[in-house]
Amino acid sequence: MPGDAILELRDVSVRLSGLQILDHVTISVPRGHVVGVIGPNGAGKTTVFNVISGFVRPDSGTVTYDGRVQRRMKPHHLTRMGIARTLQGVGLFGRLPALENVMQGGSGRIRSGIVSQSLAMPWTDIESERLRVEALAALDQLGIADQADRLPSELPYPIQKRVALARAMVSDPDLLLLDEPAGGVSADDMADLAQLIRGWVPERSVLLVEHHMELVMEVCDLIWVLDAGRVIASGTPDEVRSDPAVLAAYLGEDGAA
Ligand SMILES: Nc1ncnc2c1ncn2[C@@H]1O[C@H](COP(=O)(O)OP(=O)(O)OP(=O)(O)O)[C@@H](O)[C@H]1O
Ligand SMILES: [Mg+2]
């Protein structure tokens, strides 16, 4: 894959509750590409995201972001670093309308060049007004601006997923981490999602965890395959699709189900 990596996990190992959850995992995300992480249930995909987000600290190995080894990733620094994440499921604030949920996603990014002195408004009002405008634009881009005032519980699940995506996009991230964005969405929505994700590159980079193989194969430039905490294969969709180790891992999952 040409170009440099925006993100790289190198030899990352994680033990939780005495179990080896990740075992010397090396995954890199070339800048400006859509990269998938796939694997059977429990393979460690979400844990990879938790390491990148700083929710889980690796026992060994390194995380390099934007050319720099990160001594410690911190969840509250992600937005500022240009990283946004959607959670497996939805993870919206139930008491906040869609618009305010999206505004939460933009509150951490420092911007320069905003002229506040000339306006007779307190800084916080200017900030929240700016955020409101950007959040509405993010909802609009996802085709759901008309749902801005609805509570998550009033929205169908696929629309909630879109709100979560808008919340990630509003911070204008360089790297998007999407954990199962297609979970529970219809075939039509899936096609929209594929188009949306492809539209984010090469300006942004995307790391995608997803079970829907059609989506993964359609949108990813590069795929890493995890099984039981280890990388068992990587390559283009075509390479991964025909890899015997990958087929065996998925057959094993079916066999166990
Ligand atoms: N805090 C924890 N303590 C102990 N074990 C954990 C912890 N978090 C995750 N695990 C275990 O680690 C393994 C990997 O979990 P993870 O959520 O990363 O898998 P996944 O690939 O995202 O699975 P899924 O496809 O079901 O979302 C699972 O066996 C899970 O039970
Ligand atoms: Mg998961």
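**View 1. Thr 47 and its neighbours hold polar contacts with ligand 1.** A polar side-chain atom of Thr 47 sits 2.6 Å from an oxygen atom of ligand 1, a polar contact being a pair of N or O atoms within 3.5 Å. This is a predicted model, in which local features need pLDDT of at least 70 and side-chain atom pairs count only at pLDDT 80 or more, while totals for chains, interfaces and linings use all residues. Residues are numbered from 1 along each chain as its sequence is written, ligands are numbered from 1 in the order in which they are written, and side-chain values use heavy atoms, leaving out hydrogens and water. Thr 46 brings a backbone N or O atom to 2.9 Å from a ligand 1 oxygen. From His 211, a side-chain N or O atom is likewise 2.9 Å from an oxygen atom of ligand 1. The protein buries 62% of the 640 Å² that ligand 1 exposes when taken alone (Shrake-Rupley method, 1.4 Å probe).

**View 2. A shell of 13 residues surrounds ligand 1.** Each has a heavy atom within 4 Å of the ligand, and the closest are Lys 45, Thr 46, Thr 47, Gln 88 and His 211. By class, the shell holds 3 nonpolar, 8 polar and 2 charged residues, with Gly counted as polar and Asp, Glu, Lys and Arg as charged. Helix 1 (residues 45-53) gives the most to this shell, with 3 residues; helices are DSSP runs (H or I) of at least four residues, and strands (E) of at least two.

**View 3. Helix 3 packs on helix 5.** Helix 3 (residues 98-106) and helix 5 (residues 157-169) meet at an angle of about 35°, their axes 7 Å apart; axes are lines fitted to C-alpha atoms over the stretch in contact, with angles from 0 to 180 degrees between N-to-C directions. Ala 98, Asn 101, Val 102, Gln 104 and Gly 105 of helix 3 touch Val 163, Ala 166 and Arg 167 of helix 5 (heavy atoms within 4.5 Å).

View 4. Pro 202 lies in the loop between helix 6 (187-200) and strand 8 (205-209).

Note on methods. A polar contact is a pair of N or O atoms within 3.5 Å; within protein, one must be able to donate a hydrogen and the other to accept it, and residues adjacent in sequence count only if both atoms are side-chain atoms.
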